[in-house]
Amino acid sequence: MSSESAPVIVWFRRDLRLADNPALTEAAALGRPVIAIYIHQPDGVWREGGASRWWLHHSLDSLGRSLWALGIKLHLLRGPAEDVLIRLAQQTGAHSVLWNRRTEPWANHQDTALASTLTGLGITPRSFNAALLFKPGIITTQAGRPFKVFTPFWKACLAAPPPAPPLASPAALRPWNGTLAGESLDQWGLLPTKPDWAGGLRQSWQPGEAVAQSRLTEFLSESLTEYAVNRDHPAQPGTSRLSPHLHFGEISPRQMFHAIRRTAEPGLGSERFLAELGWREFSAHLLHDYPDLPARPLRREFENLPWRHDPDGLTAWQQGRTGYPIVDAGMRQLWATGWMHNRVRMVAASFLVKDLLIPWQDGEAWFWDTLVDADLASNAASWQWVAGCGADAAPFFRVFNPVLQSEKFDPTGAYVRQWCPELAALPDKWLHQPWRAPADVLRRAGVVLNKPLVDHDMARKRALAAFAELRAG
DNA sequence: TGAAATGTTGGGGCG
DNA sequence: ACGCCCCAACATTTC
């Protein structure tokens, strides 16, 4: 076999796109036959949750079609990535294996082992940063330590040399003529059956690179200028809704960064939106520096907080039956569509952790299973932020009042009415706190009162007392 | 990327 | 005109 004909393996992971894909671009540059693969690892730690599996199915389907249009088949393989890749590389006489790095520590461990085995076999491994604006480790304090506060971290990012401009999709790839026994997407059973709960997901989302790009373009032209204000109003389409596309790598943060810089007026809207990319970046870098971020509080003393064991409370929260309309609306939006508005995520999360005193890890696990944008770093860092135990976290005593938040950010009640239709006929005045409504108002609105799980004033005091105990002990 | 408790100020009613 | 009180509005402190 001549060296020119030895194929290059491109291992797709959380980079399910053709444009700005360094591994794919490198494969095109090598001029060798390309074997494109995706490896499903159903037994891994932090395996994809239900909503993520639904998204993954459709995103892989979309990527497969795009590659096929270039004459390349996306091969679907299953098993531990090291075993699968090494077998495949030997079997096909591969020259090299190229991939874009993921942000999860378990994946990086896997990569390191894999790279050294491949090297030992005379096969060239190469990996690229494509999921983040800045490679973890290069943004540090003067003293060379990782940042633990967001603002200086993000300032340092913006002062660093900017991320490289995004790469174009490869114009042509050289097909590989061999065959290999791959699987079909349907065999992987990523889609829910018995019951099929994905109806709301299908109505809300369309995975894939092309949709991600058009969503970005539309957002930049229509929503960016008012973003700083509208992003906080859950009834308005003021956010980009790009999070799941970003998580699966259908669009890259570099593409977004440069699109904002290129097309947007400098202003509060673009600054705030860029800063959201900054929080994503901050979370990923934190996970890189603190691999147990998903499991353990950064501030270890929070393990001693007198958390409550309350399975019924947890279930009521998950099902949107807390009796607090804004919390229930959010949890139902999550269940129905695989997504929750950011403002409401904070309110609902604060309620679980502080009003119910249920460990943040339980909320993290639920979000992991139900969010289409579930991301190990962002999910863990955000829950720790809410719980007050993370880096640059909200202080524990910052307890969201679900009634005030609802009145402030959903003043017309459009969001609550959409997701809690049983309350829709209540006048605005009582919509956010139906338990205070006079009996005749309830009767006229046809509302049967769902008594709140806890009284917020009591719960707030209980949380503060628990926190005080922590500090004393 | 809070909210409640507490403190301060100033206008207006009233004796 | 003055002191006193009330209280809304705003600011600061505390959790």
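**Ground rules**

I number residues from 1 along each chain as its sequence is written, and chains are lettered from A, with ligands numbered from 1, in the order in which they are written. Since the model is predicted, local features need pLDDT of at least 70 and side-chain atom pairs count only at pLDDT 80 or more, while totals for chains, interfaces and linings use all residues.

**Entry 1: the whole chain**

I began with the secondary structure and found 21 helices and six strands in chain A. Helices (H or I, at least four residues) and strands (E, at least two) are DSSP runs, numbered from the N terminus.

Next I looked up the radius of gyration, which is taken over C-alpha atoms, and the globule rule, which is 2.2 Å times the number of residues to the power 0.38. Chain A has a radius of 24 Å, close to the 23 Å from the rule for 473 residues, so the chain is as compact as a globular protein of that length. Along the principal axes, its C-alpha atoms fill a box of roughly 85 × 50 × 45 Å.

I then checked burial: 45% of the 473 residues of chain A count as buried. A residue is buried if 20 or more other C-beta atoms lie within 10 Å of its own, exposed if 12 or fewer, and partly exposed in between, with C-beta atoms placed from the backbone.

For contacts, the C-beta atoms of two residues, placed from the backbone, must lie within 7 Å. Among contacts in chain A with a separation of 6 or more, 78% join residues 24 or more positions apart.

**Entry 2: the domains**

Chain A is divided into domain 1 (3–131), domain 2 (132–165 + 206–289) and domain 3 (300–472). These bounds come from an automatic or database domain assignment.

I looked at how domain 1 meets domain 2. Their C-alpha centres lie 25 Å apart, and the contact takes 17 residues from domain 1 and 16 residues from domain 2. Which element gives the largest share of the domain 1 side? I found that helix 2 (residues 50–69) does, with six residues. By class, that side has seven nonpolar, six polar and four charged residues. Here Ala, Val, Leu, Ile, Met, Phe, Trp, Tyr, Cys and Pro count as nonpolar, Asp, Glu, Lys and Arg as charged, and the others, Gly among them, as polar.

**Entry 3: inside domain 1**

I picked I37, which sits in strand 2 (residues 33–40). I37 counts as buried, with 21 C-beta neighbours inside 10 Å. Leaving out residues up to four places away in sequence, I37 touches I9, W11, F12, H75 and L77. L77 is 40 residues away from I37 along the chain, yet their C-alpha atoms are separated by 7.0 Å.

Then I turned to helix 1 (residues 22–30), where P22, A23, L24, T25, A27 and A28 are buried. Their cover includes strand 1 (8–12), strand 2, strand 4 (96–100) and strand 5 (124–128). Just after helix 1, G31 takes a positive phi of about 70°.

**Entry 4: the DNA side**

Which residues surround DNA strand B? I listed W279, M346, F397, R398, F400, N401, L404 and Q405. A residue is near the strand if its C-beta atom, placed from the backbone, lies within 6 Å of it. By class, this surface has five nonpolar, two polar and one charged residues.

Q405 turned up again in helix 17 (residues 402–409), where P402, Q405 and S406 are buried. Seen down the axis, the buried residues of helix 17 fall within an arc of 100°, so they line one face of the helix; the arc is that of the directions from the helix axis to the C-beta atoms. Helix 13 (325–337), helix 14 (342–355), helix 18 (414–419) and helix 21 (456–472) are among the elements covering them.

**Entry 5: loops**

I finished with some loop residues. The peptide bond from K194 to P195 is cis, with omega near -5°, and P195 lies in the loop between strand 6 (174–175) and helix 6 (199–204).

R241 is not a glycine but has a positive phi of about 55°. I found R241 in the loop between helix 8 (227–230) and helix 9 (243–247).

Is I358 buried or exposed? I358 is buried, with 20 other C-beta atoms within 10 Å, and I placed I358 in the loop between helix 14 and helix 15 (360–370).
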